[in-house]
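Let's take a walk through this model, one piece at a time. Have the sequence and the 3D view open as you read.

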Amino acid sequence: MTDATGIPTRKPDGAGAHLIHVLRENPVTLLSFGMFAFFLLQAFFGAYLVPHDPLATNAANALQPPNWTHWFGTDNLGRDVFSRVVVATRLDLTISVLAVAISFVIGSVLGAVAGYWGGWIDAVLNRVLDTIMAFPLFVLAMGIVAALGNTVENIIYATALINIPFYARLVRAEVNIRREAGFALAARLSGNSHFRTLAFHIFPNALPPMMVQVSLNMGWAILNAAGLSFIGLGVRPPTPEWGIMVAEGANFIISGHWWVALFPGLWLMLAVFTFNLMGDGLRDIVDPRRRT
Amino acid sequence: MLSISDFAVSFRTRRGEVQAVRGISFDVAQGETLGIVGESGSGKSVTSYALMRILDAGGTIKAGSAVFDGRDLAQAAERDMQAIRGREISMIFQNPRAALNPICKVGHQLEDVLKRHGRATRADARAKAIAALEAVRIRDAAARYDAYPFELSGGMCQRVVFAIALACGPRLLIADEPTTGLDITTQKAVMDLVRDLTRERGMSSILITHDLGLAAEYCDRLAVMKDGRIVETGPAAALFADPQDPYTRKLVDATPRPGASLRDLLPIEARTPLADHAPGDRALVQVRDLVKTYPGKSGPVHAVKGISFTIREGQSVGLVGESGCGKSTTSSMLVRLLDRTSGDILFDGFDIADIPADRFVRDKRRSQIQMVFQDATDSLNPRHSARQTIADPILRMSALRGAALQTRIEELATLCGLPLPLLDRFPHQLSGGQKARVGIARAIALDPKFLILDEPTAALDVSIQAVVLNLLADLRARLGMTYLFVSHDLNVVRLLCDHVIVMQGGEIVEQGPTAQVMDTPSHPYTRTLLAAAPKPPTTKTNETDTAAKSAAE
């Protein structure tokens, strides 16, 4: 649009315009961001908006099918399934966001160091990661929670640990291919130390593929937390949590009370689905090259 | 044989429709070589992709016809195109290594094409493939049949691509920048081969290139493209001698050639007198017995084998050689990104080779030795705006902050001819020439004494190259910098440098004043290099200049 010395004929997009463009360009991204907003709303305000107390039991009202008072029916103790499903969002999202944040930070540091310096650091780190990945990850998480005690913090740590290798590997590869790139050498000539070159020049360029990994991992983390609760190693009843609710409800499916397990399972599925769909959109948003 | 009329191609993009080719018409006769010359973005490659109907998604042929042998390629069905591609019209791409499948033996790739078009059966495919490799003068073709692309040199890969293109005896060959990225002697070998074989077989060909000199040497007729239009068509020599269109004139002027000065490359109105620069007598950089050896899997690799040279203050030294000659290794050691194996690098009398590259960042001489990188795109951080890029060295190595910093950045941008509104753009929003300016502004941000230029114009269009070379000459005069200009292009080195060092195989084979090395080369390798450079036909301006000069004398 310009010649060698000419003044540009148009201004580049700002961040807001870019976000709108990404959302308009891809309806799937728009849908996933809309659903994410829906879940965030539940996480922040769900507890104040639900029609019933999620913990209030009422034996007389047990195992009611979905109706106008109890939209998703009631469970075996007469608790409102809808209220419990909505209130559980906050806990499940907290676990997954924190777990992913921890594995993102630790994985990035390890991977960046290994990818930049290589040599024995790289070799040692790779073998450690191989070891972690050699375990069936869910079993490893079970072991950690069983050993440390099943509190919410320990579920977060366990979920974070099993996700570290994915970040470390990705960052290592992304950093490694840029280690000898012209802009990294130029940064060294500009007086940046190795640390600054890595942290402020090379690492930010690894962000776009990382965003895809983050969104996929959020889905896994939710499933993992729910899975641990499902087998009784996670959050304890009566706290509302999707995994326990599915576990408890599973006992009643045979007797025809499908709604007790179905609705928390549906919410779990929708959350994982949302995160998986968000990946591409997130990547497009953090990639400056997508702004034209 | 091929007749194109009112051909138009457009792409759907985020900002609406972009017209890449806006109604061009040309003919290619049987046995003729047509050169399509233009700078990046002129639509020359898009034209060839559209002819082969291999446009990217979003690209469509909007109008016009391309009649090849009675069939309109613009309208032909995909099934018919599959038969035409490779058999009737074939194409050679810019990067031969990318055009070959990296995990497939080259012989198999050739066989594949032969079988696909029914030119060979399972039984005779191997023999035919080897014959095809022999046809492009690959020595020991039977052994090369089993080679993978990574085992072959760039020139050899391009020969294989050419063999594949010729395998089915097409009648039209489209070569899209076939020698970009190849060494100058390899370029000559490949282009000679293409010319000989197409002539031998009576084929027509279209050579798409940005290099006017190359096109003039190998084409019968040239078509100059700009912004999707053909601005001028004519026989190569005539076009060069007397360009009619102002754009052709500009391109012809900008092509480096013997006898032209730096300012001759610019349009006439921009030819301000060049400031004098006289190298001082004091030695700024002295290199003594510099050696770099890499440990290799099959024994040590001697990249640089004990070279010595001196660069005086204010001097511009050209370091010339082909890929693998050690010139990049040498410049990396000089700029202190790489540790030497042995030898001294005296900078201002102090041996900087003793400071490990890892620690040189904190040395006070860091800001005095800077570098402009070869690939302007690769050397700019994609996440940093031009302003951040230029600010980086200043923030790291000086105390300048706040308003003073912004003033300095704007001063540097102005010095390098970068319009100030562009400072807040990201690299992908800048053109090649603008990116080069950002790279230069960053390198000179701290007033370095010694600037290493690693093929700074290799990735640029000729007209931008002309501007950048002149910018470098102006900066040298204004800031009194000393240059080491690393390049493979002798015509460019001749323009900018006082002294030339020719390297081959890690050794210096010849060095001396530019005029002496260029006009009376003593080493056979220098003579080979000079002979391989494309020689543009003389232009009218040149002749008049020479006439004026001789008249003055």
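This is a predicted model: local features need pLDDT of at least 70, side-chain atom pairs count only at pLDDT 80 or more; totals for chains, interfaces and linings use all residues.

Two strands count as paired if DSSP finds at least two bridges between them. The strands themselves are DSSP runs (E, at least two residues), and helices are runs of H or I with at least four residues, numbered from the N terminus. Across this pair, B:Phe347 sits opposite B:Phe350 in β15(B).

## The rest of the sheet

Step back and you'll find an open sheet of 4 strands in chain B, ordered β12-β11-β14-β15, with antiparallel pairing. The edges belong to β12 (301-312) and β15 (350-351) of chain B; each has a single partner strand, so one side of each is left without a neighbour in the sheet.

Further in, β11 of chain B (residues 283-294) runs antiparallel to β12(B), and 9 bridges join the two. One spot to look at is B:Thr293, which stands opposite B:His302 in β12(B). The hairpin of β11(B) and β12(B) has 6 residues between the strands, and B:Gly299 there takes a positive phi near 85°. On to β14(B): 5 bridges join β11(B) to β14(B), again antiparallel, and B:Val291 has B:Ser342 in β14(B) as its bridge partner.

## Two domains in chain B

How is chain B divided? Domain 1 covers 2-265 and domain 2 covers 283-525, with bounds that come from an automatic or database domain assignment. Taken over C-alpha atoms, the domain centres are 34 Å apart. Domain 1 of chain B puts 17 residues into the contact and domain 2 of chain B puts in 18, where contact means heavy atoms within 4.5 Å.

Together the two domains bury about 1700 Å², 54% of it on carbon and sulfur atoms; buried area is the accessible area (1.4 Å probe) that two parts lose on being put together, summed over both. B:Asp183, B:Pro256 and B:Leu262 supply 35% of the area that domain 1 of chain B buries against domain 2 of chain B, more than any other three residues. There is 1 salt bridge across this interface; a salt bridge is a side-chain nitrogen of Lys or Arg within 4 Å of a carboxyl oxygen of Asp or Glu. The side chains of B:Asp474 and B:Arg263 meet in a salt bridge at 2.8 Å, N to O. On the domain 1 side, the elements giving two or more residues are α8 (184-200) and α11 (246-254) of chain B.

## Where chain A meets chain B

Now for the two chains: 39 residues of chain A and 33 residues of chain B take part in the contact. Between them they bury about 3300 Å², with 55% of it on carbon and sulfur atoms. The salt bridge count here is 1, and B:Asp358 and A:Arg188 meet through their side chains in a salt bridge at 3.8 Å, N to O.

Which helices of chain A supply at least two residues each to the side that touches chain B? They are α1 (15-25), α7 (182-189), α8 (194-202) and α9 (207-230) of chain A, and α7(A) gives the most, with 7 residues.

## How to read the numbering and cut-offs

Residues are numbered from 1 along each chain as its sequence is written, while chains are lettered from A and ligands numbered from 1 in the order in which they are written. Local features need pLDDT of at least 70, side-chain atom pairs count only at pLDDT 80 or more, and totals for chains, interfaces and linings use all residues, while side-chain values use heavy atoms, with hydrogens and water left out.
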